Amino acid sequence: MISRSTIDRIFESARVEEVIGEFVQLKKAGSNFKGLSPFTDEKSPSFMVSPVKQIWKDFSTGKGGNSVSFLMEHEHFSYPEALKWLAKKYNIEIEETEQSDEQKEQTNERESMFLVSNFAKDYFHNLMLNTNQGKAIGLSYFKERGFTDETIEKFQLGYCLDEWDNFTKAALAKGYDLKYLASTGLSIVKENKQFDRFKGRVLFPIQSMSGRILGFGGRILTADKKAAKYLNSPESDIYHKSKILYGIYQAKKEIARQDNCFLVEGYTDVISFNQSGVENVVASSGTALTSDQIRLVNRLTKNITVLFDGDAAGIRASIRGIDLILEQGMNVKVVQFPDGEDPDSFAKSHTSAELKEYLETAAQDFINFKVSLLLKDSNNDPIKKATVIRDIVTSISKIPDGIQREVYVQECSRIMDISERVLFSELAQLLKKEASQRNKPSSSYSNNVDSNKPPAEYFYEQEQASMALVKGTQVISQKIDQLSILENEIIKILLLYGNEEIDFSEEVRNTDEDGKETFSNRKYQNLVSAEIYLHLQEDEIEFTNPLFQEIYTEMIHQLNQSEKLEIDKFVNNNNTDIATIVTSILMDEEKYQLSNWGSKSIEVKSALEVLPKAVSDVIYNLRRILIDKLVNEFLVQGKEYTIEEKEEIMSYNSLRIRLSEKLKRVV
């Protein structure tokens, strides 16, 4: 784990405008910088960077944060990976917190495997480009496949000489331990002999989402029937083929930008698509699609398009992966290429524009594709048709969203010419069966199913009950939202102006000798943070939003320690949700620079001018809503109230009127 002192040095050294400037073209806008959003296609800048606050905000998507959060969003790094990237950029040595001997050994083992894998990538690539044998065999193969120098460089393609131990000797000569050559599978060690696993093969480095070399895929170039055409690195501590997708490193930005991912089967499919300008593509590398691989894509987009070649047998073997995608709550489309074509060959035989047009026009919903595919084998046989329907309903049952399930049931009913009632009945039985297998109550069933009702009718009743529950929840949410808005406003005032000392006034009640009450205003100075704290403490108010409460608790801790709020600690918080909320609030006041209101002679009033009223208003409004809540809890229809309860209700109502007068509201 990276030490706290190292993290602090990274945040102290990193300049958000320098980091983001490597990925986004920024232009000066007053004290800030602005540019086009790197997350969406736009013509007018909505991306703002504040060097003073060391934060950024993308107003088109709502994303924001500091240097670390930008790298996590844009490069899809993990938190430690982002810190390490910044440490490397600013020449900061990373210190690790104290680890056990076992943890240190595991870390060193993995790092050593990564180092030797990276050496292998460079060695195979350079050997192919700079040796006669490499050029004549490896490079010529890729050139024959139509790959350009830029593409070969982008994917770091390579070649291993057709010699028993050429690579192993070179790695040992460079000081790499045979232990790690063996554990990565680059070398095969038998007794006192070592062999190159990939001898005589062209190589496709397999990278993690952050670009680290995990393993290799190797294709043999000879017609040796005893040798496998493709050979992958064996499973290891750093390479798990079921958890990685080929091309994810090169594709991640474009997948997020296009909000769609094309899924193919082979390495050359990915490379050919990239060369044709379709970069949001990954491959399962010939393995059956897994849930872990789907989750990788799910981090970048909810939309996935599965590409099949014209081989019907291959399609039927691969179509099972669609159910896995549906289970993850993703939207699935399918594109099938003409007979005899696969993604690689189609991309080579068509222009970039033709490829993109085909992908757009040939894409169909998974249910239409599955129906058309399976019905070909039914030959109007009623029994086979029934099997097809059950197969399709099984896929629909995998979808977690109830509304989507219903839409697909309706579509299946239309295509298959079968009543929705029957399909809902079949779906209900499948959902019930799944629930019982998981030993958990189903979301669509209670344990007390009315056996006298058809499953479809019961299914509909449960859907209606769910809708009623949702409607009730929405009413509650509207009430809670008022509190959430005020809580957000309090946090905003504390973040922006908590350290400001300003003039406040309070109403003072005076009673003369005759008992007559009069009111006067008393002026005093106080820190904004202290003023808000005193009022909230007086009313014993806690935030309903847990993130706001966590931020507020930390603020109070800071005030007790130093009587000053340190905003950087919130911006650089390793809880990205807190950092995002804080950044969004801090950047809101910079938003007007995007519209350049000053050039249009529109004056933006200083917030400090209205700050005393803003503080008092938010506190009075919070009290008003909480009092309303208390009054509503008292008011129960048909209840007989005691004298004490009536007096308490009258007291609350009187206080409501007073607060409304202060807020100049009509009750």
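Modeller: A residue is buried under 20% relative accessible area, exposed over 50%, and partly exposed in between. Lys384 has 42% relative accessibility, so Lys384 counts as partly exposed. Keep those cut-offs in mind for the helix below. Note that this is a predicted model.

Now to helix α19, residues 402-416. The helix has 15 residues. From first C-alpha to last, α19 reaches 21 Å, close to the 21 Å expected at 1.5 Å a residue. Its buried residues are Arg405, Tyr408, Val409, Cys412, Ser413 and Met416. Viewed down the axis of α19, they fall within an arc of 145°, so they line one face of the helix. The face turned away from that buried side carries exposed Ile403 and Arg414.

Next, the ends. Asp401 caps the N-terminal end of α19. A side-chain oxygen of Asp401 lies 3.2 Å from the backbone nitrogen of Ile403. Just after α19, Asp417 takes a positive phi of about 55°.

Then the partner. Helix α17, residues 366-375, packs with α19 at an angle of about 35°. Their axes are 10 Å apart. The crossing is right-handed. From α17, the contacts involve Phe366, Ile367, Asn368, Val371 and Leu375. In α19 they meet Tyr408, Glu411, Cys412, Arg414, Ile415 and Met416. Of these, Tyr408, Cys412 and Met416 are among the buried residues of α19.

Back to Lys384, which is found in helix α18, residues 382-397. The C-alpha atoms of Lys384 and Leu374 are separated by 9.1 Å. Along the chain, those two are 10 residues apart.

How values were computed: Residues are numbered from 1 along each chain as its sequence is written. This is a predicted model: local features need pLDDT of at least 70, side-chain atom pairs count only at pLDDT 80 or more; totals for chains, interfaces and linings use all residues. Side-chain values use heavy atoms; hydrogens and water are left out. Helices (H or I, at least four residues) and strands (E, at least two) are DSSP runs, numbered from the N terminus. The expected span of a helix is 1.5 Å times one less than its number of residues. Buried means under 20% relative accessible area, exposed over 50%, partly exposed in between (1.4 Å probe, protein chains only). The arc is that of the directions from the helix axis to the C-beta atoms. A polar contact is a pair of N or O atoms within 3.5 Å; within protein, one must be able to donate a hydrogen and the other to accept it, and residues adjacent in sequence count only if both atoms are side-chain atoms. Axes are lines fitted to C-alpha atoms, for helices over the stretch in contact, and angles run from 0 to 180 degrees between N-to-C directions. A crossing is left-handed if the near helix is turned anticlockwise from the far one by less than a right angle, and right-handed if clockwise. Contact means heavy atoms within 4.5 Å.
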